[in-house]
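Me: I would like to go through a model and learn how to read its features one at a time. Please take each feature in general terms where that helps, then turn to the case at hand.

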Amino acid sequence: MNPEVEQNLATATLVSELLSGSGDAMSLYLTVISGYLLVAYLVGKELTSLQTTIVTILFLFFGITNTVATMSFMQNAFYFGQTYGEGRVPNWWAPLTGTLLALGIIAAVKFMWDVRHPKTE
């Protein structure tokens with residue numbers, strides 16, 4: 001086989017695997033955020049301050065970790081795709097995804113805050 005074709009095939013496979021990894025990290029992110037929102041909605045009012053702190057710290061750790069992993073996989077896919085000629089990943093995709101995931105984390109923490117501190121009318 002032509003060495004250039006082999007390199008293109010290897011690069012396409014690498015980019016595909018990196019994008020698959022970003023999908024896996026995003027799936028874990030969605031699992032973590034869904035669990036946190038369920039806890040906030042179902043038992044948020046009954047949690048003690050310590051329990052809320054523990055749940056929120058764990059949520060932030062895993063949410064941020066999966067956000068960074070998603071962005072890293074996407075940025076690496078873009079880098080290898082552009083460097084070796086299989087550039088099918090837009091360069092704006094990783095920052096946009098990271099921003100949206102970070103906004104999701106902030107919104108989830110705000111939701112927990114609102115559940116624990118309802119406004120009195």
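Me: What percentage of the residues of the protein count as buried?

Reply: The model is a predicted one. Of its 121 residues, 27% count as buried.

Me: What radius of gyration does the protein have, and what would a compact globule of 121 residues have?

Reply: The protein has 19 Å, whereas a compact globule with that number of residues would be near 14 Å. Along the principal axes, the C-alpha atoms fill a box of roughly 70 × 20 × 15 Å.

Me: Which elements does the protein have, and how many?

Reply: There are three helices and zero strands, in the order α-α-α from the N terminus on. For contacts with a separation of 6 or more, 83% join residues 24 or more positions apart.

Me: How do I read the packing of α2 and α3?

Reply: Packing of two helices is described by the angle between their axes and the distance between those axes. Here α2 (residues 49-83) and α3 (residues 93-116) pack at an angle of about 170 degrees, and their axes are 9 Å apart. An angle over 145 degrees counts as roughly antiparallel, so α2 and α3 are roughly antiparallel to each other.

Me: Which residues make that contact, and how do they divide by class?

Reply: On the α2 side they include Phe-59, Leu-60, Gly-63, Ile-64 and Thr-67. On the α3 side, Leu-101, Ile-105, Ala-108 and Met-112 are among them. By class, the contact has 13 nonpolar, nine polar and one charged residues.

Me: Which residues form the largest nonpolar core?

Reply: As a general point, nonpolar side chains tend to be buried together in soluble globular proteins. In this model, the largest nonpolar core has 10 residues: Tyr-29, Ile-33, Tyr-36, Ala-40, Leu-47, Phe-59, Leu-101, Ile-105, Ala-108 and Met-112. Helices α1 and α3 each supply at least two residues of this core.

Me: Where is Leu-37, and does Leu-37 count as buried or exposed, or as something in between?

Reply: Leu-37 lies in helix α1 (residues 3-43). Its relative accessibility is 31%, so Leu-37 counts as partly exposed. Apart from neighbours within four places in sequence, Leu-37 contacts Ala-108 and Phe-111.

Definitions and conventions:
Residues numbered from 1 in each chain as written. Predicted model: local features only at pLDDT ≥ 70, side-chain atom pairs only at ≥ 80, totals over all residues. Heavy atoms only, no water. Axes fitted to C-alpha atoms, helices over the stretch in contact; angles between N-to-C directions. Helix = DSSP H or I, 4+ residues; strand = E, 2+ residues; numbered from the N terminus. Parallel < 35°, antiparallel > 145°, perpendicular 65-115°, else oblique. Contact = heavy atoms within 4.5 Å. Nonpolar A, V, L, I, M, F, W, Y, C, P; charged D, E, K, R; others polar. Buried < 20%, exposed > 50% of the residue type's maximum accessible area, 1.4 Å probe, protein only. Core = buried A, V, L, I, M, F, W, Y, C linked by side-chain atoms within 4.5 Å. Rg over C-alpha atoms; globule rule 2.2 N^0.38 Å.
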